[in-house]
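Dear colleague,

I am handing over the structure below, and after it you will find a short account of what turned up. Please read the two side by side.

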Amino acid sequence: MNGVFRSSAAVRFLPFTMIRSAAAAAAAPPPPLLSSGHTSIFILSPFAKPLSFSVAPEPVPQPDSPVSDLSSQLFSLLCQPNWQKHPSLRKLIPTISPSLFSSFLLQHPHLNPQIALNFFNFLTRAPTFNPNVQAYASLLRVLIRNQSFRDAEKTRILMIKSCQIEEDASFALSFLRRMNSGEDCDFKFRFNLRCYNMLLMSLARFVMVDDMKSVYREMLDDQVSPNIYTFNTMINAFCKLGNVREAEYYLSMILQAGLKPDTHTFTSFILGHCRKKDVDSASKVFSTMPEKGCRRNEVSYNNLMHGFCEAGRVDEAKSLFLQMRDDNCFPNVRTYTILIDALCGSARRLEALSLFEEMMEKGCAPNIHTYTVVIDGTCKDGMLDEARKILRGMLDNRLVPSIVTYNALINGYCKKGMVGSALEIFDMMESKHCIPNVRTYNELIFGFCEVKEVHRAMALLSKMLHQKIFPNLVTFNLLVCGQCKSGDVDSAFRLLKLMEENNVVPDQLTYGPLIDALCKKGSVDKAYGIFNSLKEKGVKVNKIMYTALIDGYCNVENVDFALALFERMLTEDCLPNSYTYNVLINGLCKLKKLPEALKLLEKMLEGGMKPTIVTYSIVIEQMLKEFDFESADRVLSHMIALGHKPDVCTYTSFLVAYCNQGMLKEAEDVMAKMKEKGILPDLMAYTVLIDGYGRSGFLNLAFDTFKSMVDAGCEPSHYTYSVLIKHLSHEKLINRNGGSINIADVWKTMEHDTALKLFEKMKECGCAPNIGTYNALITGLCREGRIEEGWKLVDHLEQHGISLNGYMYNKLINCCCNMKMYEEALGLIDAMLKRGLLPHLESYKLLVCGLYVKGNDEKAKEIFCKLLHCGYNYDEVAWKVLIDGLLKRGFVKICSELVGVMEKSGCTLNPQTHTMLIQGILDQEKGT
């Protein structure tokens with residue numbers, strides 16, 4: 001059977017010869033433009049015969065349309081003897097799309113089939129023409145109508161191979177079925193075995209198993225006998241879905257047909273069992289292959305290895321890997337990638353790196369997926385320099401990183417707080433024409449929120465929308481959480497309005513941070529109101545929300561209501577966790593209600609909830625605050641007896657108690673015990689001991705402890721420096737006329753020479769001042785409005801080759817604005833922008849509002865216009881500068897004017913932000 005309805009003899013009597021010798025082709029005239037029986041040069045009617053199915057994806061253009069004019073030009077050109085070399089055709093080629101080609105053939109249904117085919121082949125050689133299934137369908141129709149069955153057969157196979165998506169496969173199947181049945185055609189063009197197999201393979205690519213079963217039945221109805229390739233295609237398709245039972249039916253058909261299962265058959269069953277999570281059955285199939293006379297190949301090994309890895313049995317996969325060479329199989333790039341990926345996922349990343357190196361040494365070139373897996377693994381281990389090096393190797397090997405590769409690096413840098421490096425990767429991917437996706441932006445937004453640069457995270461939201469990348473729930477949840485962490489709860493609530501505008505529904509992860517932030521601000525009743533409104537919003541309250549509320553009420557000393565919430569939590573089957581108990585116990589301890597706290601601890605045990613180290617540490621801390629060392633030791637012993645190892649927080653409670661009592665020997669013993677137990681002191685532990693030494697006048701020991709702290713990798717905090725400055729200032733006061741200084745007054749009284757003394761002492765103990773030192777001191781001084789002392793420190797750090805960072809700039813700008821030193825503030829903003837740093841919008845708000853208050857309207861407006869071109873999110877500008885700044889200060893008219901400035905500058909605001917502005921203006925007008 002040759003797949004053609006008419007006999008093979010009929011092919012010999014086609015209107016023109018299909019194959020000619022090179023000499024005959026050169027001597028013979030070109031084939032006629034129109035097929036036999038049609039002598040007119042141009043058929044105006046676009047259809048010679050109506051079609052019952054669509055070939056072109058768009059309506060056929062009318063003769064007077066631009067496309068019809070192009071069609072006429074093409075027809076004229078194809079009339080030329082050497083049309084392929086015609087310069088006009090070369091110019092037209094870039095404008096010819098597959099749909100235009102289809103339209104051209106539909107307008108000229110009697111075009112000579114050889115010219116149609118030659119023209120199509122000519123087009124496919126052009127880089128701008130990528131034929132689709134509709135274009136092949138148009139050509140097939142011409143070829144079949146003219147009985148060019150040999151060319152039609154080749155074209156049919158190419159059409160099936162060209163399917164890129166499921167819709168293409170559906171179209172091809174429908175079209176070819178019509179050809180097979182002879183509908184709307186003069187001749188049937190029957191499926192042969194090859195065509196059936198190709199169709200099945202195409203449908204299998206898109207997991208269209210129902211269509212595959214239909215085609216298989218049609219094949220049997222057409223009395224076309226399936227071969228081993230047919231059955232293997234069916235088996236593989238069902239095995240990919242883990243449907244081994246259905247696959248076994250086709251295995252029985254193989255045996256019934258007298259055929260023998262081959263390597264591909266068994267390998268598919270290995271895949272099928274693995275997909276249904278039955279790796280042991282897959283292993284049995286693998287083991288029986290040699291007995292059945294089937295050689296195992298690399299795919300057999302890869303499928304089983306992947307199954308083992310998915311089941312978490314990485315060592316068994318590794319054993320298979322080592323067995324391959326004995327079976328005359330050699331690991332390929334997929335083999336290595338499967339194992340490397342599994343090792344990375346099992347936190348065995350050093351093994352993965354070793355295997356990656358072995359792979360390259362053995363001459364097996366990694367592919368994009370291999371590199372991506374290794375880069376992701378090294379990033380998760382915090383080995384960012386190694387990850388960057390691997391990326392460079394990837395680029396050196398001329399492999400193009402995928403979006404997943406770049407995202408892995410961006411995520412790694414953002415989790416480490418290295419957003420500058422993350423932005424470098426982001427810029428690199430854009431320069432390589434790799435378009436970021438929503439995950440890329442979410443990772444960067446997370447990074448900026450973590451380093452408290454929410455304004456830059458909000459700017460990324462603007463960039464997303466500009467690139468038509470729509471923010472999802474994760475995007476908004478990150479931004480809401482970021483605004484809450486930065487203390488701007490109002491902007492967090494405004495983001496809820498933007499979510500509504502973008503049809504994104506808030507969930508528990510949206511409302512949880514809002515409730516927590518309100519509680520931390522002391523706005524517990526507002527938090528409670530939102531909590532109670534969640535049920536009607538369809539959001540289920542969870543233990544995190546309850547715990548935040550309980551903690552909030554404890555912090556405002558309303559423990560009775562906190563306990564009532566705890567009881568409500570139990571009645572609503574929202575079981576508290578150890579953290580819930582801990583905040584309640586802590587709340588009772590703060591109010592010196594230790595007996596009640598201990599009763600709650602008993603209740604915790606009765607409810608089957610095991611107290612944690614934190615629970616015991618809270619109780620111990622309170623006992624120590626009451627100087628009940630005996631009870632604290634007893635609780636500590638009980639805790640250890642229950643199998644809990646004291647942590648750094650537990651020991652720090654003892655440190656605080658001993659240092660408060662001046663018991664330095666005991667405090668030193670605690671530090672020694674911690675080190676003996678392998679517990680590393682943290683920032684708080686070191687700072688407590690520094691304070692203890694300082695209070696007793698042992699400043700040298702305090703600085704020795706400071707040195708130990710730095711050597712241990714603990715970055716001193718603002719509070720650590722406050723303690724050191726306090727004791728240095730105290731020493732100075734004693735030398736002068738006696739007296740003391742409170743920690744709360746450190747920055748109000750610190751003199752510049754005290755800071756210099758701190759720097760000197762730090763150098764003496766081998767810890768030179770760094771950017772963190774200046775950050776702490778400048779922050780403290782600016783908080784107290786001591787800008788002159790702040791400027792002195794700026795001069796000092798610049799003399800020592802250290803540059804101001806964004807954090808210090810913002811603190812200095814805010815201080816200048818609070819001191820009404822607007823020119824100085826503006827100078828700092830300009831300096832920031834020149835260095836590529838973006839001031840916080842809070843700084844702009846203070847400056848713009850301050851200038852308007854002062855009456856310097858023109859300058860304020862000029863600064864506002866400049867900030868619009870700095871890359872901020874326009875909605876956030878409106879929220880923070882206009883609503884929170886100008887409107888709250890009563891500048892209604894100015895606010896309206898600046899909204900107009902934004903509109904004229906093309907700064908589009910979200911409709912919800914417009915509504916907020918209008919409401920704010922109306923509220924202010926009512927108030928006046």
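K277 is found in the loop between α14 (263-275) and α15 (279-288), where helices (H or I, at least four residues) are DSSP runs numbered from the N terminus. With a relative accessibility of 67%, K277 counts as exposed, a term for over 50% relative accessible area, whereas buried means under 20% and partly exposed lies in between (1.4 Å probe, protein chains only). On the surface, K277 gathers with K240, R275 and R334 in a patch of positive charge; such patches are made of residues with over 30% relative accessible area and no salt bridge, like charges being joined within 9 Å, and a salt bridge is a side-chain nitrogen of Lys or Arg within 4 Å of a carboxyl oxygen of Asp or Glu.

Please bear in mind that this is a predicted model, in which local features need pLDDT of at least 70 and side-chain atom pairs count only at pLDDT 80 or more, while totals for chains, interfaces and linings use all residues. Residues are numbered from 1 along each chain as its sequence is written, and side-chain values use heavy atoms, with hydrogens and water left out.

The whole structure holds 32 aromatic pairs, meaning rings of Phe, Tyr and Trp (its six-membered ring) whose centres lie within 6.5 Å, with planes under 30 degrees apart counted as stacked, over 60 as edge-to-face and the rest as tilted. One of them, W83 with F119, is edge-to-face at 6.0 Å centre to centre and 80° between the planes, and both residues are buried.

Best regards

Conventions:
Patches are made of residues with over 30% relative accessible area and no salt bridge: like charges are joined within 9 Å, nonpolar side chains (Val, Leu, Ile, Met, Phe, Trp, Tyr) within 5 Å. Accessible areas come from the Shrake-Rupley method with a 1.4 Å probe; for residues, only the protein chains shown count as cover. Lys and Arg count as positive and Asp and Glu as negative; His and the chain ends are not counted. The place of a charge is taken as NZ of Lys, CZ of Arg, CG of Asp or CD of Glu. Helices (H or I, at least four residues) and strands (E, at least two) are DSSP runs, numbered from the N terminus.
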